Amino acid sequence: MKSINEHVKQKPWLAWLFFLTTVVVVFMLGLLASSVIERRAEAVFAYTPQVELSEWEPRNEVWGENYPREFQSYYQTEDTLFRSKYNGSAMIDMLEVDPRLVVLWAGYGFSKDYSQGRGHYYAVGDLNKSLRTGAPKTKDDGPMPSTCWTCKSPDVPRVMNKLMEEHGAEEGLAEFYRGKWAKLGAEIVNPIGCADCHDPENMNLRITRPALIEAFQRQGKDITKASHQEMRSLVCAQCHVEYYFDKNKFEGSNYLTFPWDNGMTCEDAEEYYDEIEFKDWTHKLSKAPMLKAQHPGYEVYMTGVHADRGVSCADCHMPYKSEGGVKYTDHKIQSPINNVANSCQVCHREETSKLVANVFERQDRIIENRDKLEELIVRAHVEAKFAWDKGATEAQMKDILMDIRHSQWRWDYAAASHGGSFHSPVETGRIISTGITIAQEGRIKLARLLADLGYNKEVPYPDIATKAKAQEYIGLDVKKMKKEKKEFLSTIVPKWLEEAMEREDSWEVKSL
Ligand code: HEC
Ligand code: HEC
Ligand code: HEC
Ligand code: HEC
């Protein structure tokens, strides 16, 4: 073999060829490096503000000018196509799926209408449409208080802060929570969004809901000291939590409060409510003083293994996404089952089918027992009504009604902590099993009482096979409610939106 030197001696032009090739390769490498640097610059450039955001800008589209990727992915919560075994983004009429719910909530708004939650994009529209909010004709009309808006919109912190400037911090908040739901219909129009979770100044996560800050304070904790990773769950805990309306704090005000002062378990909250003799409503059949669990998603999550290992809500529900070399947080908050690759497989090596099966098997097992508990409580309500009809006294019924209250609290706590069967299956299973014990005890007491009253056969079970039959059984006139709702949606809501549009048009957005 000849060496390169010998080749070059024979053909001198070869040296030039080597030299020029090297020049070209070095030049190309230079181009590549410059393109990489440029891409990086573009990534930063993508976040160069286009418009100035005011502190409480409620319009997601305006934030979208500055942060198009986050905005576009947020907007995908409009998608309603995905369905998993029990959840997903489709709107499911739960009273149709399980008419026994109508009996459990007899005398309370949820017996009129209850659909499974869907994407944040729908938060305001779905509240307007729900039969639970009724068909108010004026600002002081309707079944619901203004407090019901609190977890629906970035207009909430905007209005709260406006009222706090006008009336002072305490009285301003009390004023927000005062009066009827229709009072704020024209003010609250933008669905859950950027201003709920971000400080526009630096895009840091921020807590905008006072109830969470106050609950921390009463426990002697300062939420501003929360770590970055904790904040990635706490922004969700502003809304995905158990709460009640404290009517004693300010005159005429339904002050949003979290029942966390004794601790954050199901029993801690129950003890809190029992101590202050709080009830959400009196059951129409059994007359039990009932509690409605709202959605203690955060509380239940915190008892699970993922929380224990420091995993946050955003890790699974808002995973990172890559697009054209830019990595950003996917704001399409949804069931992680629809995105296992980014939601789970960053930490787990198992196949998608295996991880999904893990979720479903936990849900199946929890729901099997929850269903048994539900059956027991429905029967207890029916039997309690039967006992009243047979002449039972308040003294005879007192303990039984408390058993009904406590068992249904547990059932609802498990059912309404959306995702709880996966987030924390052991705790959810424990809550349901204690509920079954209490419901059984109540029914034994009922059987003894009925025997004392001269009745020792099985109490007839009503025909509640469909939603319509169940609603008729508890005496609801759904046709009338639907008709009034239709009128409300075609007359009042358009006026609210018109007023809102005028207000928003009057705000100047400064380009930068
Ligand atoms: C301002 C209140 C609020 C905040 C903050 C909030 N949520 Fe929600 N969330 C809601 C409401 C209300 C719904 C139901 C909307 C509907 O059905 O119209 C919902 C629905 C959901 C759903 C169901 C979506 C579907 O497709 O079925 C998930 C999942 C969810 N939220 C997770 C989260 C996570 C995770 C966070 C924190 C990163 C969070 N939420 C923060 C109020 C909130
Ligand atoms: C329910 C709470 C929530 C809402 C609503 C929300 N975000 Fe975020 N956002 C987050 C979380 C959590 C992160 C991750 C922050 C972190 O880990 O530092 C994030 C990150 C970001 C970032 C930092 C860059 C990135 O992608 O990680 C930007 C910019 C952003 N969001 C913009 C928006 C915009 C624009 C909207 C409204 C269309 C919005 N966010 C709505 C919770 C929210
Ligand atoms: C940020 C990391 C992380 C993400 C994301 C994550 N996990 Fe986990 N997961 C863990 C850790 C840590 C454990 C605890 C087990 C251990 O320490 O070995 C765990 C435990 C589990 C377990 C066993 C616990 C139990 O409930 O019995 C299952 C099942 C599971 N994960 C499924 C999932 C699924 C499904 C997803 C996506 C929806 C997911 N994980 C997302 C880190 C993660
Ligand atoms: C380890 C991953 C993981 C973490 C962390 C996590 N979730 Fe979930 N979440 C899931 C899975 C899996 C489901 C079940 C989805 C299904 O059945 O389609 C779920 C379900 C939900 C649902 C019901 C969704 C629906 O479609 O109706 C809500 C709401 C929710 N989670 C909120 C939260 C909140 C709030 C936190 C933090 C406090 C949180 N999740 C933390 C994995 C997670």
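In which helix does T434 lie?

Guide: T434 belongs to helix α21, which covers residues 425–452. Before going further, please keep in mind that this is a predicted model, in which local features need pLDDT of at least 70 and side-chain atom pairs count only at pLDDT 80 or more, while totals for chains, interfaces and linings use all residues. Residues are numbered from 1 along each chain as its sequence is written, and chains are lettered from A and ligands numbered from 1 in the order in which they are written. The helices (H or I, at least four residues) and strands (E, at least two) are DSSP runs numbered from the N terminus.

T434 has 16 other C-beta atoms within 10 Å and is therefore partly exposed; on this scale a residue is buried with 20 or more other C-beta atoms within 10 Å of its own, exposed with 12 or fewer, and partly exposed in between, the C-beta atoms being placed from the backbone. H406 stands 28 residues from T434 along the chain, and the C-alpha atoms of the two are separated by 9.5 Å.

Two packed helices are described by the angle between their axes and the distance between the axes; here the axes are lines fitted to C-alpha atoms, for helices over the stretch in contact, and the angles run from 0 to 180 degrees between N-to-C directions.

Contact between two residues requires C-beta atoms, placed from the backbone, that lie within 7 Å. On the α18 side the residues that meet α19 include R370, L373, E374 and I377, and among their counterparts in α19 are M397, I400, L401 and W411. Sorted by class, the residues of this contact are 12 nonpolar, three polar and two charged, where Ala, Val, Leu, Ile, Met, Phe, Trp, Tyr, Cys and Pro count as nonpolar, Asp, Glu, Lys and Arg as charged, and the others, Gly among them, as polar.

From here we can turn to the ligands, where a residue is near a molecule if its C-beta atom, placed from the backbone, lies within 6 Å of it. Ligand 4 is surrounded by 26 residues, and the closest are S84, C313, C316, S335 and G419. At least two residues of this shell come from each of α12, α14 (297–301), α16 and α20 (420–423), with α16 giving the most, four residues. The shell around ligand 4 holds 11 nonpolar, 14 polar and one charged residues.

Around ligand 1 there are 24 residues, with S89, G117, D126, C236 and C239 the closest. Two or more residues of that shell come from each of α7 (123–129), α12 and α16 (313–317), and α16 again gives the most, with three residues. Its classes are 11 nonpolar, nine polar and four charged. Ligand 2 has 22 residues around it, and E70, C194, C197, Y328 and T329 are the closest; by class, this shell has 13 nonpolar, six polar and three charged residues.

Some loop residues are also worth a visit. M203 sits in the loop between α10 and α11 (210–218), and its phi is near 65°, a positive value in a residue other than glycine. K287, in the loop between β3 (281–282) and β4 (289–290), likewise has a positive phi of about 65° although it is not a glycine. E55, in the loop between α2 (13–45) and α3, counts as exposed because it has 11 C-beta neighbours inside 10 Å.

Stepping back, the protein chain contains 23 helices and six strands, and its C-alpha atoms fill a box of roughly 120 × 60 × 45 Å, taken along the principal axes. Buried residues make up 38% of its 512 residues.
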